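Please examine the model below together with its sequence. The paragraphs that follow lead through it step by step.

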Amino acid sequence: MTVPQILDELGGRRTFYRWRELGMGPTAFKLPNGELRVWRSDFTTWLRQLEAAA
């Protein structure tokens with residue numbers, strides 16, 4: 001998933017980057033061009049963990 005795709009689902013750019021700073025975001029990796037990506041399965045698992053904790 002691209003960062004814009006993640007932001008569409010989360011609803012906020014600041015939230016995504018803040019959670020990354022705190023080590024609370026989904027696992028991401030960088031492409032050689034510097035762009036971040038997240039596997040959809042990792043994103044889904046991460047969201048389910050947030051729901052379970054709420």
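Which residues in H1 meet which residues in H2? The model in view is a predicted one, and in it Val3, Ile6, Leu7 and Leu10 of H1 make contact with Arg13, Phe16, Tyr17 and Trp19 of H2. Sorted by class, this contact of H1 with H2 comprises seven nonpolar residues, no polar residues and one charged residue.

The geometry of this contact can be described next. Two packed helices are characterised by the angle between their axes and by the distance between those axes. Helix H1, residues 3-10, packs with H2 at an angle of about 110°, and their axes are 8 Å apart. Angles of 65 to 115 degrees count as roughly perpendicular, and H1 is therefore roughly perpendicular to H2.

Helix H1 may now be considered by its faces. Its residues Val3, Ile6 and Leu7 are buried. Viewed down the axis of H1, the buried residues fall within an arc of 100°, so they line one face of the helix. The face turned away from this buried side carries the exposed residues Pro4 and Asp8. On the buried side, the packing partners of the buried residues of H1 are H2, strand E2 (36-37) and H3. Just after H1, Gly11 adopts a positive phi of about 90°.

The segment before H1 contains Met1. Is Met1 buried or exposed? With a relative accessibility of 14%, Met1 counts as buried, because the cut-off for burial is under 20%. When residues up to four places away in sequence are not counted, Met1 touches Ile6, Glu9, Leu36, Arg37, Val38, Arg40 and Phe43. One of these residues, Arg37, is 36 residues from Met1 along the chain, yet the C-alpha atoms of Met1 and Arg37 are separated by 5.4 Å.

The aromatic residues form the next topic. How many aromatic pairs does a search of the whole structure find? The search finds four. In one of them, Trp19 and Trp46, the ring centres are 5.3 Å apart and the planes stand at 70°, so the pair is edge-to-face. This pair links distant parts of the chain, since Trp19 belongs to helix H2 (residues 13-21) and Trp46 to helix H3 (residues 40-53), 27 residues apart. The two tryptophans can also be described by accessibility: Trp19 is partly exposed, with a relative accessible area of 24%, whereas Trp46 counts as buried at 7% relative accessibility.

Trp46 also pairs with Phe43: their ring centres lie 5.8 Å apart with the planes at 35°, so this pair is tilted. Both Phe43 and Trp46 are in helix H3, three residues apart, about one turn of the helix. Phe43 counts as buried, at 1% relative accessibility. Together, ring pairs link Trp19, Phe43 and Trp46 into a cluster.

Arg20 is placed in helix H2 and is partly exposed, with a relative accessible area of 33%. Apart from its neighbours within four places in sequence, which residues is Arg20 in contact with? They are Gly25, Ala28 and Leu36.

In helix H3 lies Leu50, which is partly exposed at a relative accessible area of 36%. Leu50 and Leu7 are 43 residues apart in sequence, and their C-alpha atoms are 16 Å apart in space. Leu7, for its part, is among the buried residues of H1.

Terms used
Residues numbered from 1 in each chain as written. Predicted model: local features only at pLDDT ≥ 70, side-chain atom pairs only at ≥ 80, totals over all residues. Heavy atoms only, no water. Phe/Tyr/Trp six-rings, centres within 6.5 Å; stacked < 30°, edge-to-face > 60°. Helix = DSSP H or I, 4+ residues; strand = E, 2+ residues; numbered from the N terminus. Buried < 20%, exposed > 50% of the residue type's maximum accessible area, 1.4 Å probe, protein only. Axes fitted to C-alpha atoms, helices over the stretch in contact; angles between N-to-C directions. Parallel < 35°, antiparallel > 145°, perpendicular 65-115°, else oblique. Contact = heavy atoms within 4.5 Å. Nonpolar A, V, L, I, M, F, W, Y, C, P; charged D, E, K, R; others polar. Arc of directions from axis to C-beta.
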